[in-house]
Amino acid sequence: MSNQAKNVETRNGANLAVVILAAGKGTRLKSKRPKVLHQIGGKPLLAHVIAAAARVVAPEHIYVVIGHQADRVRAALASTGVQFVEQTEQRGTGHAIQCARQAISGYESLLVLSGDVPLIRTGTIEQMSRFHEAQRAAMTILTAHPEDPAGYGRIVRRAAGSPEVDAIVEQKSLAPGQERIGEINSGIYAFLSAPLFAHLDQLTANNAHGELYLTDMAGILRAAGERVVAVEAENAAEVLGANTIAELVALDAAMRNTTARRLMDSGVTIFRPETCVIDAEVEVAPDTVIEPFVQLRGKTRVGGDCLIRSYTVIEDCTLGDAVEILPGCMLESSSVGDGARIGPFAHMRPGSEIGEKAHIGNFVETKKAKVGKGAKANHLTYLGDAEIGEGTNVGAGVITCNYDGANKYMTRIGKNVFVGSDSTLVAPITLEDGSYIGAGSCITKDVPAGALAVGRARQVTKEGWVTARRAKREAADRAK
Ligand code: UD1
Ligand code: CA
């Protein structure tokens, strides 16, 4: 991008980039997956940080430093439109900034975020940025007083109550007594580029990890006579990092708790919210009741006055108003119309569209099935690649045979059709409006409107057959 284009994006006269550090392996997670792709609230850690940053600057001014499994991280986040910078060897957070130097040298100011500090809110980033400008500092550190500061870098202020900082000391380098410092480094900073880049090469790997610590810039800039200040985040929970699975799970719980609170504040009842798994982007309208142990995932939208009973998992679905989902259902990428009733134990696979007031009952599976208004399939049925018209009744155990081993075919069922129980409908096939299928039929030919079709062997009844057979056996036994 040209410098001219960069200059268009200005803030208080100074142009600004956000750098997100995300190259590390996350050794403490003991996972094959890179740390920043581990999920909380249903989204990768890095996606949360990018979303917070994207409300401060446009994505083309966000530079994500990637390294460990860079291709995988890039592929997962490419759709966000951010820029990627590679740090091929992960030699520390300071080295990560050195690797990004060329890409970001044109900006006057930088905000540095950490890919593994996902609960950070845009408002807090902006507050730090404003403090940084007001203080005319070369470096501003966002700090916090968490319950347990162990593991974090500690802030050494010049004097109690002073905004100025002398140094950040990493956990492993703490001098006796310094472990009592309760103020920690969040790993989130604002920098003026000029002094940062003028002194960035002074970093040394002379420490416990043999890495170039970005945190050392506090002491280096201070020694060079630059102003280094700290500002405390209002809420320590926002800047907690995810370095271990236990920390990750705690952040996930915190984020889901926030989502549940948001929904409850807007009029949704969630019983035992701590047992529910609701992703950050889920929307639910007022007066809907969610029972314990429900999962609402992805981009799910639920209308008002719905009841979602326990043990149901709904992913990327749209539910209308007054929908009832009975216990134990699984719904994926589907839609359900107003007043429809699903379950218990129903499985709606992608592409199912259930109409208003329709009923999908127990042990019914649908896939790419469009079920009309008021239609019913109440028991033990498979509807795949099917259209079912308004008011049609699909009996127990009906199967659409949509697959011949190579291709899939459509079953079209018109309005007000009665499909008798235990029928198999061999697609491609059409049952026209008002037709009637006798129970136990195997239907292989289209059925015209208003017709009855019965496709089964005619029943044979032999009077006295059992009695006769028994008499014959008894006679044979006596003759032995
Ligand atoms: C860092 C800070 C610590 C602070 C804590 C807050 C340093 C030296 N320490 O420690 O003071 O309290 O964050 O959460 O910065 N990364 C790279 N390239 C690297 C190494 C790391 O991009 O070579 C990335 C990681 O992917 C991660 C972030 O930088 O997203 C922080 O690295 P991490 O190893 O987690 O640092 P902490 O030990 O948590
Ligand atoms: Ca970390």
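Analyst: A residue is counted as near a molecule if one of its heavy atoms lies within 4 Å of it. The model is a predicted one, and in it 25 residues surround ligand 1, the closest being Gln 87, Gly 92, Thr 93, Glu 170 and Asn 185. The backbone takes part in these surroundings: a polar backbone atom of Gly 92 is 2.8 Å from an oxygen atom of ligand 1, a polar backbone atom of Gly 153 is 2.9 Å from an oxygen atom of the ligand, and for Asn 185 a backbone N or O atom lies 2.6 Å from an oxygen atom of ligand 1. Ligand 1 would expose 760 Å² if taken alone, and the protein buries 90% of that area.

Turning to ligand 2, this is a calcium ion, which is coordinated by Asp 116 through OD and by Asn 243 through OD1, at 2.2 to 2.5 Å. Asp 116 belongs to the loop between β7 (109–114) and α5 (122–135), while Asn 243 belongs to the loop between β12 (228–232) and α8 (245–265), so the pair ties together parts that are 127 residues apart in sequence. With buried meaning under 20% relative accessible area, Asp 116 is buried at 12%, and Asn 243 also counts as buried, with a relative accessibility of 14%.

Note on methods:
Residues are numbered from 1 along each chain as its sequence is written. Chains are lettered from A and ligands numbered from 1 in the order in which they are written. This is a predicted model: local features need pLDDT of at least 70, side-chain atom pairs count only at pLDDT 80 or more; totals for chains, interfaces and linings use all residues. Side-chain values use heavy atoms; hydrogens and water are left out. Donors are N, O and S atoms within 2.8 Å of the metal (3.2 Å for Na, K and Ca); water is not among the atoms, so sites may look incomplete. Helices (H or I, at least four residues) and strands (E, at least two) are DSSP runs, numbered from the N terminus. Buried means under 20% relative accessible area, exposed over 50%, partly exposed in between (1.4 Å probe, protein chains only). A polar contact is a pair of N or O atoms within 3.5 Å; within protein, one must be able to donate a hydrogen and the other to accept it, and residues adjacent in sequence count only if both atoms are side-chain atoms. Accessible areas come from the Shrake-Rupley method with a 1.4 Å probe; for residues, only the protein chains shown count as cover.
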